[in-house]
Amino acid sequence: MKVWVHFVRAPIRVVQISRKRSTIRLKRQMVRVKIALAQEKTETKEMLVIYRKYTQGNASEAEMKMANKQFLDVLKGLGLGVFVVLPFAPITIPVMIKVGRWVGVDIIPSSFSSAKLPRQQQQKTQEKS
């Protein structure tokens, strides 16, 4: 079996390009997390407003369903927070997500699972208009 050796003309340039590519990928992922956290924050504020209305007797049934759904998302986020503290978190969190999907339980809050691509959200809002 012959092994073909590929010589790169500019190995330093290749390393620079790959480093820049990974930096850009990391920045995109961080922006996605930022967008998801901002969405989670606004939904949680709305949930608290609806619960305040409920204590006064002014909340509708649909609002309460939405608030309870958001409360479950908050609990899911707290549940994932437990795994962040554990050692080997970069390994345990993806494993728990895969096991949860395999069993049929969604352990990721909805803002993180639906915020995979901001373009998809924009297209959905354009279709509704």
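Trainee: At what angle do H2 and helix H3 pack, and how far apart are their axes?

Mentor: Happy to start there, and keep in mind that this is a predicted model. Two packed helices are described by the angle between their axes and the distance between the axes. For H2 and H3 (residues 89–103), the axes lie 8 Å apart and the angle is about 145 degrees.

Trainee: Which residues of H2 and H3 make the contact?

Mentor: H2 passes H3 in a right-handed crossing. H3 brings Ala89, Thr92, Ile93 and Met96 to the contact, and H2 brings Leu80, Phe83 and Val84. By type, these divide into six nonpolar, one polar and no charged.

Trainee: How do the residues of the contact of H1 with H2 divide by type?

Mentor: The crossing of H1 and H2 is left-handed. Residues including Met47, Ile50 and Tyr54 in H1 meet residues of H2, among them Met64, Ala67 and Phe71. The contact divides into nine nonpolar, three polar and six charged residues.

Trainee: Which residues in H2 are buried?

Mentor: H2 covers residues 61–85 and reaches 37 Å from its first C-alpha to its last, close to the 36 Å expected. Buried here means under 20% relative accessible area. In H2, the buried residues are Met64, Ala67, Gln70, Asp73 and Leu80.

Methods. Residues are numbered from 1 along each chain as its sequence is written. This is a predicted model: local features need pLDDT of at least 70, side-chain atom pairs count only at pLDDT 80 or more; totals for chains, interfaces and linings use all residues. Side-chain values use heavy atoms; hydrogens and water are left out. Helices (H or I, at least four residues) and strands (E, at least two) are DSSP runs, numbered from the N terminus. The expected span of a helix is 1.5 Å times one less than its number of residues. Buried means under 20% relative accessible area, exposed over 50%, partly exposed in between (1.4 Å probe, protein chains only). A crossing is left-handed if the near helix is turned anticlockwise from the far one by less than a right angle, and right-handed if clockwise. Contact means heavy atoms within 4.5 Å. Ala, Val, Leu, Ile, Met, Phe, Trp, Tyr, Cys and Pro count as nonpolar, Asp, Glu, Lys and Arg as charged, and the others, Gly among them, as polar. Axes are lines fitted to C-alpha atoms, for helices over the stretch in contact, and angles run from 0 to 180 degrees between N-to-C directions.
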